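User: Hi! Could you walk me through this one?

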Amino acid sequence: MSDGLQQVPQRNQVDAYRRHFMAAVTGAATLATLAPGVILREASAATRPDVTARPPEQPATSVVRWGMLIDTARLGDGGAAMVAACRREHGWGHDPRASPEQQPQWVRTVRVTDKLTQHSFTLPVMCQHCEHPPCVDVCPTGASMKRADGIVQVNKHICIGCRYCMMACPYKARSFVHEPLTDQRPHSPRGMGTVESCNLCVHRIDTGRIPACAEAAPQAVIFGDLNDPDSRISQAVQALGGTQIRADLDLNTGVRYLNI
Amino acid sequence: MSNTAIVYREVGEGRGFYLLLVLFGAVVAMGALAFFHLEHEGHHVTGMNNQIVWGLPHVFAIFLIVAASGALNVGSIGTVFRKPLYQPMGRLSALVAMALLLGGLVVLVLDLGHPDRLIVAMTHYNFKSIFAWNIILYNGFLALAGFYLWTMMDRQLKALYPYAGFAAFSWRLILTMGTGSIFGFLVVRQFYDSAIMAPLFIAMSFSFGLAVFILVLYAGFAWTRRPLGDVVLNRLRYLLAVFIGAALFLELMRHLANLYVTRRHGVEQFILSDGGIYTQLFWVGQVFLGALVPLSLIFCRRLVGNRLSLLVACVLVILGGFAQLYVILIGGQAYPLELFPGATVESTFFDGQISRYAPTVWEWMLGLGGVGISLLLVTVGVRVLRFLPVSLADEVLDSDDS
């Protein structure tokens, strides 16, 4: 959490956000379009780190809730660079024996087109790290779990490979490993017969680094603590909102989007 | 009580017994081979994938599990509803129920990504998961059905017979409710998310379980040349019709309710009209062959008392049941998840597309292996213990409750 010295400039920053936000909601359409970009850029300029390393002896705590805000208008490639970074980081996507339908995909870019208006946009979709994750509800053994800091992941030691979580996930965010694997990343072991998904690069977060996908798209993604009102992400979502995919399910996702 | 006069006897050691052992044993061996292959290679040798995550083995497993609880009904009607006609069949009913459940569970477990972690599933429980509750319900069913059987076969426990029967009956209703709720509680899958899945599965279990029971009863009596009268067969025949009708009615209500909800029109149109194999299986397999033809065979006046028509009806109910579960399980998954309501979606992960699924021979082998286990258990059961009455001829049965 922030100390007093850090809070001072951030108060001012909040005011700046509010001004932009008010301009966006009351002013001309151009302002409304520009505001998110302005805010994301300003937010990017903050000096305080989004993530600080957690000592190994300290357990994860619910004081923190990790989240991600993705501005699809600023992605440019629809999130392809984020997908590539995730593949590199975790080593999925080229399992030699799996068919295309059997290949795991922790994150993919989805092209969305409104049926009536034909308005279209592309966004990266991964585990949305719900506050009330259906995959955790249905898992018989508790392998599908939510860490205290909001990260939803699979405990691969007790996953029995029943795939019920895959049936329950509204975002199709989970994959099953269909074959024996070799040459895995030491920080991200994957196992045949278990389910896997985006874990927000938990190994990076615990050592004070942001997820690989967020690092790959700094112009469009803010990662940070949603519980900390002074964090960049909290200020951005407060000013601009942050749309959830399938908000009607009331899952309160940790991954939020702008311009969708 | 009529069954005080009923004599039970083991099946003899004829050539037919060993022939069945070899036949069912071979089917089980095929299933075992499929399991070892899957265990070694991983699920990439199956048609299942990251879009259709539950496949043909689950159709077999759920059919057997659902039919198991239904097979116990014959015993329950004798015990709980005190119909003397059914009581002589109580032992066989419990045996078939336990055998079917074990066959289904074996398929379910062996299809897991980590069947070696069965002990984890038995020791780590997430009580919010209906799947975890099902594990408890399956084990409890085996224990209660076993105890129920014991009270039927051991005179010293006769006093507990009605209580055991009532407990087993209640438990089996809860169990099938739980199996249906595995689907009913899947909020985001448009073809599932409905409380009606619980009663639908109960009605399905009545129908599938009775069809299997009638076939086993008939085969057991015919192959050991024991008399089986028309009274009992006709009673079972019309009971089957009631159960087929109940399952059909609940399925009708499910689809009507879905058709009333605009956002479910897409999935209903897929299953009922545009779904290719799923549409064919629904109309031809489930509705026509699995329900309308059996009902006609049962109620056709010219076929009253015709045993062949009853047996054909039972076989059709079983095939229709498989078709129904295939449509529910695979068809329900083939229809894409709705990520953005009102919009079309496309991606490299097959978002917005109808998912493809073609089961491989390994899945057939594993699923049939479960059926083999059930049949093998029944065959050995009637050989080593007194499950089958010596006669169910009309004159030995007390049918005055009709």
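Analyst: Happy to; we can start with the ground rules and then take the sheet and the contacts between the chains.

User: Great, what are the ground rules?
Analyst: This is a predicted model, so to speak of local features we need pLDDT of at least 70, and side-chain atom pairs count only at pLDDT 80 or more, while totals for chains, interfaces and linings use all residues. Residues are numbered from 1 along each chain as its sequence is written, chains are lettered from A and ligands numbered from 1 in the order in which they are written, and side-chain values use heavy atoms, leaving out hydrogens and water.

User: What is the strand order in the open sheet of three strands?
Analyst: The order is β3(A)-β2(A)-β1(B), with antiparallel pairing. Strands here are DSSP E runs of at least two residues and helices are H or I runs of at least four, numbered from the N terminus; two strands pair if DSSP finds at least two bridges between them.

User: And which are the edge strands?
Analyst: β3 (120-126) of chain A and β1 (343-347) of chain B, each pairing on one side only.

User: How many bridges hold β2(A) to β1(B)?
Analyst: Five, and the two strands run antiparallel.

User: What lies across β2 and β3 of chain A?
Analyst: Helix α3 (residues 80-90) of chain A does, running at about 160 degrees to β2(A). Angles run from 0 to 180 degrees between N-to-C directions of axes fitted to C-alpha atoms, for helices over the stretch in contact.

User: Switching topic: how many residues are in contact between chain A and chain B?
Analyst: 55 residues of chain A touch 55 of chain B, contact being heavy atoms within 4.5 Å.

User: What area is buried there?
Analyst: About 4700 Å², with carbon and sulfur atoms giving 57%. That is the accessible area (1.4 Å probe) that the two parts lose on being put together, summed over both. Of the area chain A buries against chain B, Glu101(A), Met167(A) and Lys172(A) supply 18%, more than any other three residues.

User: How many salt bridges between chain A and chain B?
Analyst: Five, counting a side-chain nitrogen of Lys or Arg within 4 Å of a carboxyl oxygen of Asp or Glu. Among them, Arg97(A) meets Glu41(B) at 4.0 Å, N to O.

User: Which element gives the largest share of chain A's side?
Analyst: β2(A), with seven residues.
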